[in-house]
Amino acid sequence: MEKKGMNTPQISIVAPLYNESESFPHLVERLTKLMDSLTLRIEVVLVDDGSRDNTALQMRQLALTDGRFHCVFLSRNHGHQLALTAGLAAARGTEALFIIDGDLQDPPELLPDFYQKMQEGYDVVYAVRRKRKENIIKRTGYFLFYRLLKSISYVDIPLDSGDFAMISRRVADVLNQMPEESRFLRGMRSWIGFKQTGYEYERSERVAGESKYTFKQLFRLAYNGIFNFSEFPISFMTRAGGVSIGIALVYFIVVLAKKLFFADVIEGFTALLFVIILFSGVQLMALGIIGEYVLRIFFQSKGRPLFIVKETIVDGKLNEPNNKSTDEAR
């Protein structure tokens, strides 16, 4: 294939990839067809998040022959949110950035519809999942999490909206300036503000392969959403402490009344065990919640770059960056 260069792109399509060798040919085929069908100047920023299969090799071969594909290779697996952050930092789109997943559950063909919405004056067009095709456990978990987060968050995070979105250049610039180590990009996007709107779509199944998001990673993402955008954990512990004190006072009054009026004091190991378990449980829960906040402060205070870029391929040329871009993204 002949090398193709490009002028400064109007739109950057950003897609993080991790072990997506099976779906990669399908992704390239659909993205190429999309770019060929539009008059907009588009680049595709593919981020290899330390893949262990031949995803990086396929990316390299593609980017060296087609200058519309811009590749970023991370030094190791940093996780989806940080890989996406690396893509946002590398994207050069002057008008907008279109964020998708590499497994094609987010159809890239919706780009013209999202772009049309942005032409109406919106800075963020986020996708709202009308229907999901994951298993019932995941669907239920997502459903409950988004509603829990919305009810306790101090930021209005739209229901059933993930990272799939189109954001303006100025929103991308603000995101690149935000230094959070434990990132929850859909919450950060909502926190920024500006004019935002949703676009309903039906989420597809993976085109190939299996999901790389384990339940552990999903729980970590949920934790980041709750602890980064809600005061509920701390206020919950305050309330739990008040309830515990109330129970203890009631218990004390009952014991005192029995002693004064009935000459009877509650005896036995069961009553003592109840009190110990109650207060110990509340204290351990409180320590755990405080520990979550302290851990986040600890990691943030280290001042490490959010990600390390091993190399990039831009306009068909291989580069070994000095990682200044990672400092700018902090």
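User: Which helix gives the largest share of the lining of the largest cavity?

Analyst: The general idea first: rolling a probe the size of a water molecule over the atoms shows where empty space is left. Here α7 gives the largest share of the lining, three residues. Both α3 (80–90) and α7 (185–192) supply at least two lining residues each. Helices (H or I, at least four residues) and strands (E, at least two) are DSSP runs numbered from the N terminus. Keep in mind that this is a predicted model, where local features need pLDDT of at least 70 and side-chain atom pairs count only at pLDDT 80 or more, while totals for chains, interfaces and linings use all residues. Residues are numbered from 1 along each chain as its sequence is written, and side-chain values use heavy atoms, without hydrogens and water.

User: Which residues line the largest cavity?

Analyst: The lining consists of Leu84, Leu88, Ile99, Asp163, Leu175, Leu185, Arg186 and Arg189. A cavity is a set of points on a 1 Å grid over the protein atoms alone where a 1.4 Å probe fits but cannot get out, and lining residues have an atom within 4 Å of a point. By type, five of the lining residues are nonpolar and three are charged, with no polar ones. Asp, Glu, Lys and Arg count as charged, and Ala, Val, Leu, Ile, Met, Phe, Trp, Tyr, Cys and Pro as nonpolar.

User: How many cavities of 30 Å³ or more does the structure hold?

Analyst: The structure holds one. The largest cavity contains about 50 Å³ of space, the volume being that filled by probe spheres set on the grid points.

User: Next, burial. Which residues of helix α2 are buried?

Analyst: In α2 (residues 55–63), the buried ones are Thr55, Ala56, Gln58, Met59, Leu62 and Ala63. Viewed down the axis of α2, these buried residues fall within an arc of 160 degrees, so they line one face of the helix. Buried means under 20% relative accessible area, exposed over 50%, and partly exposed in between (1.4 Å probe, protein chains only). Their cover includes the strands β1 (11–17), β2 (42–48), β3 (69–74) and β8 (309–314), together with helix α1 (24–37). Over the whole protein chain of 330 residues, 48% are buried.

User: How many salt bridges are there by this rule?

Analyst: The count is nine, with a salt bridge taken as a side-chain nitrogen of Lys or Arg within 4 Å of a carboxyl oxygen of Asp or Glu. One of them joins the side chains of Glu109 and Arg30 at 2.9 Å, N to O. Glu109 sits in the loop between β4 (96–99) and α4 (111–119) and Arg30 in helix α1, so this pair ties together parts 79 residues apart in sequence. Glu109 is partly exposed at 36% relative accessibility, and Arg30 is partly exposed at 26%.

User: Which residue forms a salt bridge with Asp36?

Analyst: Asp36 pairs with Arg68, their closest N and O atoms being 2.9 Å apart. This pair links distant parts of the chain, with Asp36 in helix α1 and Arg68 in the loop between α2 and β3, 32 residues apart. Are the two buried or exposed? Asp36 is exposed at 53% relative accessibility, whereas Arg68 is buried at 11%. Arg68 also meets Asp66 in a salt bridge of 3.0 Å, N to O. Asp66 is buried, at 2% relative accessible area.

Note on methods
On a 1 Å grid over the protein atoms alone, a cavity is a set of points where a 1.4 Å probe fits but cannot get out, and a pocket is an open set with protein on both sides within 12 Å along at least five of seven lines; lining residues have an atom within 4 Å of a point. The arc is that of the directions from the helix axis to the C-beta atoms. Contact means heavy atoms within 4.5 Å.
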